[in-house]
Amino acid sequence: MIPGNGIWLLAAADEREADAVLAAFGHAPSGTSLWSIVQVNDRFDLVRTGVGKANAAGAIGRVLDPDRHAGVISVGIGGALPDGG
């Protein structure tokens, strides 16, 4: 049994990562706000966390709803963006 109602929370650190996720689901870039949920479809929500472990933990802690979400999937690419250091 999947906890919540089976909606997965996708976590992306950077706006470009969040836009790539949205594009993969056929959505235009949304200018996602930090630490706010965007409903992608009936199976996935998306949150843009900001860069770093503390931001990721804070964002997930703020928006994760055990009655709604089955779990969290990090969809970041770990600094692999051009000019990302």
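This is a predicted model: local features need pLDDT of at least 70, side-chain atom pairs count only at pLDDT 80 or more; totals for chains, interfaces and linings use all residues.

Biologist: At what angle does α1 run to β3?

Modeller: Helix α1 covers residues 15–24, and β3 is among the strands that it lies across. Relative to β3, the helix runs at about 165 degrees.

Biologist: Which strands form the edges of the sheet?

Modeller: The sheet is open and has 4 strands with mixed pairing, in the order β2-β3-β1-β4. An edge strand here pairs on one side only. The edge strands are therefore β2 (37–39) and β4 (69–74).

Biologist: Which residue of β3 is the bridge partner of Ile 37?

Modeller: Strands β2 and β3 run antiparallel and are joined by 3 bridges. Within β3, which spans residues 44–48, the bridge partner of Ile 37 is Val 47.

Biologist: Which element gives the most residues to the largest nonpolar core?

Modeller: That core has 7 residues, including Leu 10, Ala 18, Val 21 and Leu 22. Both β1 (7–12) and α1 supply at least two residues of it. With 3 residues, the element that gives the most is α1.

Biologist: How far from Asp 19 is the nearest side chain of opposite charge?

Modeller: Asp 19 belongs to α1 and is buried. A salt bridge requires a side-chain nitrogen of Lys or Arg within 4 Å of a carboxyl oxygen, and Asp 19 has no such bridge. The nearest side chain of opposite charge is that of Arg 48, at a distance of 7.1 Å.

Notes
Residues are numbered from 1 along each chain as its sequence is written. Side-chain values use heavy atoms; hydrogens and water are left out. Buried means under 20% relative accessible area, exposed over 50%, partly exposed in between (1.4 Å probe, protein chains only). Lys and Arg count as positive and Asp and Glu as negative; His and the chain ends are not counted. A nonpolar core is a set of buried Ala, Val, Leu, Ile, Met, Phe, Trp, Tyr and Cys residues joined through side-chain atoms within 4.5 Å. Two strands pair if DSSP finds at least two bridges between them. Contact means heavy atoms within 4.5 Å. Axes are lines fitted to C-alpha atoms, for helices over the stretch in contact, and angles run from 0 to 180 degrees between N-to-C directions.
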